[in-house]
Number of protein chains: 2
Amino acid sequence: MIYLDNAATTLHKPPEVAEAVLQAMMHMGNSGRGSHEEALTASRRIYETREILAEMFHCPQAQNVVFTLNSTEALNTAIQGLVGPGEHVVTTDLEHNSVLRPLYRLEQEKGIRLSFAEADTRGCIDYDRLELLVKDNAKAIVCTHGSNLTGNLVDIARVGKIADTYGALFILDASQTAGVFPIDMEEMHIDVLCFTGHKSLFGPQGTGGLAVCGNLEIKPLKVGGSGIRTFDRIHPKELPTGLEAGTLNGHGIAGLGAGAAFIEKTGMDRIFRHEQRLTRTFYEGVKDIDGVTVYGDFSTWMRAPIVALNIWDYDSSEVSDELSQVYDIATRPGAHCAPRLHQALGTAEQGAVRFSFSYYNTEEEVQAAIDAVRKIASE
Amino acid sequence: MIYLDNAATTLHKPPEVAEAVLQAMMHMGNSGRGSHEEALTASRRIYETREILAEMFHCPQAQNVVFTLNSTEALNTAIQGLVGPGEHVVTTDLEHNSVLRPLYRLEQEKGIRLSFAEADTRGCIDYDRLELLVKDNAKAIVCTHGSNLTGNLVDIARVGKIADTYGALFILDASQTAGVFPIDMEEMHIDVLCFTGHKSLFGPQGTGGLAVCGNLEIKPLKVGGSGIRTFDRIHPKELPTGLEAGTLNGHGIAGLGAGAAFIEKTGMDRIFRHEQRLTRTFYEGVKDIDGVTVYGDFSTWMRAPIVALNIWDYDSSEVSDELSQVYDIATRPGAHCAPRLHQALGTAEQGAVRFSFSYYNTEEEVQAAIDAVRKIASE
């Protein structure tokens with residue numbers, strides 16, 4: 001099987017990730033609950049993972065790296081926890097429903113005002129337009145670093161500068177990019193970086209989180225056991241505890257730490273270049289095939305390792321099924337939880353077939369995928 | 001090392017649990033995201049886990065078993081999602097902060113009214129008193145099945161009957177009991193059962209959830225990607241999707257399924273009897289030692305496998321440290337996130353040393369723990 005659905009989850013992980021999970025399952029107690037060796041092992045392993053991620057994202061304090069179930073929870077925490085009634089939020093057409101739906105919910109329930117930097121037919125946004133929207137008293141910018149549909153990157157340094165200029169908070173959805181692209185929270189004025197563990201950070205499912213810059217106070221989604229200050233009626237505010245009620249996924253976080261360490265050891269740049277080469281090879285191989293329409297902006301190499309396409313007017317699910325059943329190639333069809341971008345691209349009906357690459361894919365696999373697309377297009 | 005901190009997390013799991021996690025990490029795609037074999041494997045494994053838990057809890061519909069990061073998230077979801085402004089909630093002094101703090105928060109933010117069935121000095125509640133409180137227009141009863149401090153069980157069949165009589169919702173915290181004690185949601189009138197995966201269900205950390213009876217609509221804590229109905233602005237309401245925004249901890253849930261299958265295969269009753277035997281042996285072995293005070297009601301065998309005690313007026317943390325460092329026995333000292341019960345027991349200052357047992361503990365380990373307590377008490 002050729003696995004090209006890495007934007008959904010990286011199926012192939014460095015072997016040390018599973019090893020770390022296994023070790024954790026054998027030796028890890030409940031972090032922060034007790035002082036015996038197993039509980040301490042848990043605390044240490046989790047703290048090491050905070051440290052390595054803080055370093056990766058240039059988050060000034062390791063304790064400001066908070067773990068959640070997934071990126072969606074991180075985004076809900078940041079959005080629901082920072083935006084108050086009637087406030088203005090600027091976002092983009094590129095967003096995933098994990099950004100859109102929390103915002104729509106606040107629009108409905110708290111009367112927040114919502115503005116969108118529109119995407120053009122290549123899936124690109126206009127930064128001057130974004131700036132104009134932010135200028136209008138925006139409390140926050142919430143935007144993705146890389147579209148999960150087209151792979152287009154957003155220039156987050158520029159967005160961060162806009163946020164900083166107008167005093168808006170910058171909440172970044174780095175679900176598709178954390179681990180592959182350098183992100184500097186301080187330099188880029190990112191207030192909250194939301195990440196998932198099970199994609200390009202090579203961690204297990206059930207991991208993700210948010211890195212919070214400075215002393216930003218975020219109202220938690222949930223409160224409860226904290227292991228500290230039991231007799232307080234209010235959940236402690238200090239991070240990470242303030243946003244981490246209950247027992248963490250210590251086993252998963254140990255694996256995430258191993259994934260991040262693999263990236264550090266291998267070099268983010270080397271991973272990036274390998275993925276870009278595969279993406280570019282695939283793009284060049286399919287873009288001129290009769291009947292194939294590729295979406296997104298390929299004028300730059302700085303893009304997430306994703307190529308979304310359609311073949312003639314074939315339903316994207318049927319193409320993806322054929323790729324799976326006939327060619328044993330795993331891709332993802334449909335809407336990819338990105339409704340506004342599909343509308344901008346004109347693919348709301350058809351969806352798109354998404355090929356997404358990882359460090360563990362090979363040139364041979366990419367060639368096989370090109371051949372399969374060519375065959376389906378010529379049927 | 002003798003691990004007697006199973007009420008925090010069961011360190012020793014059936015070997016098939018780690019095996020299932022490992023298999024999932026090698027073969028599982030992103031559930032509900034794509035139709036290739038790896039995505040389908042994920043969906044199937046997760047659905048099987050819903051089924052086995054639904055059967056265990058007598059939850060009428062498997063799709064009403066919803067997965068969360070932990071029990072705290074499940075309780076926050078149920079409490080915040082069901083209790084509206086100004087409503088009356090009845091709970092008990094036995095509760096963990098994962099119940100108390102969400103309730104205190106609603107008290108502060110939504111002006112809910114909160115009543116407590118008090119615990120006596122043995123940690124028992126008075127059911128007539130509870131009924132009286134519920135009679136006063138209670139919207140919901142939220143209570144634990146088993147105290148995580150004393151191990152005392154609550155008679156949930158009786159509480160369920162009270163809830164049913166007065167038309168109150170019954171939200172059960174089964175963190176300490178799911179997997180060891182028979183729970184029948186239908187017969188016991190339990191509307192929402194909140195469970196954790198990593199304790200007596202033998203699952204990995206990062207798993208837990210809620211089982212919801214019938215068509216109860218719970219407002220979700222978070223919304224986002226659902227894999228279905230992408231173009232709706234509102235997150236789909238139907239369960240499990242309605243309460244499961246974002247990518248699930250598929251790897252962990254596969255392990256949880258293996259843990260639940262182990263319980264089914266072994267027999268809950270057999271596990272229960274083994275744990276009770278160990279608990280009783282330990283209790284009988286320590287209760288008459290000079291200087292030892294045991295907390296809780298031991299007049300019945302129907303109790304969670306927990307014995308909390310103090311030795312003279314020694315600080316519980318010091319005792320637990322000595323148990324760990326000198327005797328290599330892992331226990332848990334302090335307040336165990338149960339502030340009201342410590343007040344009822346008169347142990348708010350001292351805390352208590354909690355010994356908690358599991359199916360994987362042995363008589364020899366229990367004897368060693370008794371000997372250690374005796375030695376510390378005679379120092």
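A: In this predicted model, 82 residues of chain B are in contact with 82 residues of chain A, contact meaning heavy atoms within 4.5 Å. Local features are reported only at pLDDT of at least 70 and side-chain atom pairs only at pLDDT 80 or more, whereas totals for chains, interfaces and linings use all residues. Residues are numbered from 1 along each chain as its sequence is written, chains are lettered from A and ligands numbered from 1 in the order in which they are written, and side-chain values use heavy atoms, with hydrogens and water left out.

The size of an interface is often given as the accessible area lost when the parts come together. Chain B and chain A bury about 6300 Å² between them, with 56% of it on carbon and sulfur atoms; buried area is the accessible area (1.4 Å probe) that two parts lose on being put together, summed over both. On the side of chain B, the residues that lose the most area to chain A are Arg101(B), Gln205(B) and Arg233(B), which together account for 12% of what that side buries.

Between chain B and chain A there are 6 salt bridges, a salt bridge being a side-chain nitrogen of Lys or Arg within 4 Å of a carboxyl oxygen of Asp or Glu. Lys222(A) and Glu73(B) form a salt bridge through their side chains, at 2.8 Å from N to O. The count of residue pairs in polar contact between chain B and chain A is 36, both residues being at pLDDT 80 or more. A polar contact is a pair of N or O atoms within 3.5 Å; within protein, one must be able to donate a hydrogen and the other to accept it, and residues adjacent in sequence count only if both atoms are side-chain atoms.

The elements that give two or more residues to the side of chain B that touches chain A are helix 1 (15-27), helix 2 (37-57), helix 3 (71-82), helix 4 (97-110), helix 7 (250-266), helix 9 (316-327) and helix 10 (339-345) of chain B. Helices (H or I, at least four residues) and strands (E, at least two) are DSSP runs, numbered from the N terminus. Helix 4 of chain B gives the most to this side, with 9 residues. By class, the side of chain B that touches chain A divides into 31 nonpolar, 34 polar and 17 charged residues. Here Ala, Val, Leu, Ile, Met, Phe, Trp, Tyr, Cys and Pro count as nonpolar, Asp, Glu, Lys and Arg as charged, and the others, Gly among them, as polar.

A rotation of 180° with 0.0 Å of shift along its axis superposes chain B on chain A, with an RMSD of 0.0 Å. That is the relation of a two-fold axis. The copies are superposed by least squares on the C-alpha atoms of residues with pLDDT of at least 70 in both. Of the residues of chain B, Leu69(B) comes closest to the rotation axis, its C-alpha lying at 2.8 Å. The same surface serves both copies, as 100% of the contact residues of chain B recur in chain A.

Within chain A there is a further interface. Chain A is divided into domain 1 (2-10 + 268-378) and domain 2 (15-266), with bounds that come from an automatic or database domain assignment. The contact takes 34 residues from domain 1 of chain A and 36 residues from domain 2 of chain A. The area buried between these two domains of chain A is about 3000 Å², of which carbon and sulfur atoms give 61%. Met268(A), Arg340(A) and Leu341(A) supply 24% of the area that domain 1 of chain A buries against domain 2 of chain A, more than any other three residues. Across this interface the rule finds 2 salt bridges.

Local backbone features complete the account. A cis peptide bond joins Leu239(B) and Pro240(B), with omega about 5°, and Pro240(B) lies in the loop between strand 8 (208-212) and helix 7 of chain B.
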